[in-house]
Amino acid sequence: MSNIRNIIESELNRVSLFKSKEKLYPEYLPSSLPHRENELKILTNIFKPMLLTPGTISHKAMIVGGIGTGKTVTARMFGKEFTQIAKKRGLNTSYVHVNCHRDRTLFEVVNEVVRQLRLPVPQRGLSVREVLNYMLDLIDGENLYVIVALDEFDYFINVAGSDAVYFLIRVYDEFPDKVKRLNFMFISKSATSLSMLDPTTESYLMKNLIMFNPYRSHELYDILRLRAEESIFEGAVSDDVLKYISDAVGSDKGGPGNARAALEILLIAGEIAEREGLMNISLDHVRKACSIVEPNAVMLNDTLPYLSFHELLTLKAIATALAESGEPYVNTGVVEEVYSRLCEEYGIEPRKHTKLYEYIVNLRKLGILISSTSLKGRKGRSTYISISLMPLDVIKSKVDELLKVKVIHEGSGN
Ligand SMILES: Nc1ncnc2c1ncn2[C@@H]1O[C@H](COP(=O)(O)OP(=O)(O)O)[C@@H](O)[C@H]1O
Ligand SMILES: [Mg+2]
């Protein structure tokens with residue numbers, strides 16, 4: 001008994017090398033943003049006229065950059081500070097951040113804006129146009145100005161189409177005399193999807209484009225230093241360790257320049273050290289962490305949480321089918337069989353064939369799947385799909401984790 005108690009007591013008393021681990025998580029908003037000062041200045045200048053001549057035009061900024069270049073965090077921090085400063089100066093302003101991986105249709109985006117602004121718009125039975133008009137009237141009534149950030153905007157263009165984009169961008173075309181209260185920030189991984197829009201819209205957005213470049217090694221070092229100070233006890237992580245990570249990830253040293261990957265390496269290295277019962281992080285812990293955190297894993301962690309229950313189940317079916325067959329690709333027919341079997345295991349009704357196909361198309365658009373319609377030596381025109389990103393068991397365990405949570409929150413709702 002006392003042995004067990006000792007084990008538990010000593011584990012409880014053991015001080016962690018992390019003082020607050022959650023400050024290394026991607027969703028945490030840090031106290032400052034080193035090396036994004038210039039980007040913050042440009043954003044300020046784009047939205048400055050909101051304060052000087054409120055309501056005359058609807059302002060739009062376009063943020064473009066690769067994964068982990070700080071687009072989301074910079075937009076959020078700008079939104080938070082700008083609205084507070086605007087309020088102090090007497091302009092009632094709100095910032096709304098919408099992730100288009102989660103809210104993919106025009107209807108979902110508009111409803112999410114309404115939800116975040118806590119506007120009493122009737123929930124059911126209205127068209128998008130009606131919801132939007134309702135919203136415009138309500139924010140008129142409250143004398144409110146809004147900056148809407150559409151994160152993962154390239155995905156929205158691809159899935160919702162250019163008409164949906166125009167609907168948002170030209171929201172005031174119908175009402176030229178209305179006070180322009182909605183402003184936009186579009187956040188995208190690349191500018192190429194903009195070519196889907198007409199030249200006028202494209203050039204307008206390009207004019208207000210802010211490029212977020214991959215971080216160089218010394219920039220990552222400053223970012224890591226700051227986050228390490230907030231999250232890890234002094235002395236537990238040396239300069240050498242931080243430099244090593246910065247060099248491994250820095251764009252000038254051949255790395256991706258992705259701050260998210262750098263922070264994740266630090267987090268995992270710390271966890272490995274802790275598991276070994278040590279109070280500081282060594283270079284060897286970092287090397288181990290580097291082998292775990294690879295860019296594809298970072299991409300997947302970014303995307304999977306936004307998938308619906310049935311999309312996750314479809315992905316699990318694909319991973320299972322690939323594992324069972326041992327082949328590089330698997331036929332969608334086989335995926336459907338495994339999917340039905342999984343639905344049975346979860347005690348839920350499978351979605352129709354067309355819906356399943358839609359999920360597969362979506363997973364492909366997200367870059368999770370690769371597909372091929374005609375495989376050499378096979379008859380027929382059925383689609384063959386595969387997962388190229390990472391080992392199947394890793395995907396499966398990530399998906400299982402998320403499914404567990406979604407079973408509780410969403411059930412088989414979507
Ligand atoms: N300049 C910076 N200063 C501090 N933290 C940063 C900076 N840039 C990125 N980060 C951190 O790196 C991670 C990834 O940034 P994020 O904004 O999600 O990148 P993106 O949206 O471009 O993929 C987040 O944890 C974020 O807080
Ligand atoms: Mg982002």
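# Pockets, ligand and cavities

Me: Which domains does the lining of the second largest pocket draw at least three residues from?
Reply: Domain 1 (37-212) and domain 3 (307-409) each give it at least three residues. The domain bounds come from an automatic or database assignment.

Me: Before I go on, what kind of model is this?
Reply: It's a predicted model, where local features need pLDDT of at least 70, side-chain atom pairs need 80 or more, and totals for chains, interfaces and linings use all residues. Residues count from 1 along each chain as its sequence is written, chains are lettered from A and ligands numbered from 1 in the order written, and side-chain values use heavy atoms, without hydrogens and water.

Me: OK, back to the second largest pocket. How much space lies in it?
Reply: About 610 Å³. A pocket is an open set of points on a 1 Å grid over the protein atoms alone, with protein on both sides within 12 Å along at least five of seven lines, and lining residues have an atom within 4 Å of a point.

Me: New topic: ligand 1. How many residues surround it?
Reply: 21, and Pro34, Gly68, Thr72, Tyr215 and Arg260 are the closest. To count, a residue needs a heavy atom within 4 Å.

Me: What about backbone atoms by the ligand's oxygens? How far is Gly68?
Reply: A backbone N or O atom of Gly68 lies 2.7 Å from an oxygen atom of ligand 1. For Gly70, a polar backbone atom is 3.1 Å from a ligand 1 oxygen. Pro26 has a backbone N or O atom 3.4 Å from an oxygen of the ligand. The cut-off for such N or O pairs is 3.5 Å.

Me: So how much of ligand 1 does the protein bury?
Reply: 97% of the 550 Å² that the ligand exposes when taken alone (Shrake-Rupley, 1.4 Å probe).

Me: What lines the largest cavity?
Reply: Val110, Val113, Leu132, Met135, Val148, Leu168, Leu182 and Phe184. That's eight nonpolar residues, with no polar and no charged ones. Helix H4 (106-116), helix H5 (128-141) and strand S4 (182-188) each supply at least two of the lining residues. The volume of the largest cavity is about 50 Å³.

Me: And what lines the second largest cavity?
Reply: Thr332, Glu336, His353, Leu356, Tyr357 and Ile360. By class, its lining has three nonpolar, two polar and one charged residues. H16 turns up again, with four residues as the largest share of this lining, and both helix H15 (332-346) and H16 supply at least two. About 40 Å³ of space lies in the second largest cavity.

Notes. Polar contact = N/O pair within 3.5 Å; in protein donor to acceptor, adjacent residues only side chain to side chain. 1 Å grid on protein atoms, 1.4 Å probe; cavity = no way out; pocket = protein on both sides within 12 Å on 5 of 7 lines; lining within 4 Å. Points joined across faces, edges and corners; volume = space filled by probe spheres on them. Nonpolar A, V, L, I, M, F, W, Y, C, P; charged D, E, K, R; others polar.
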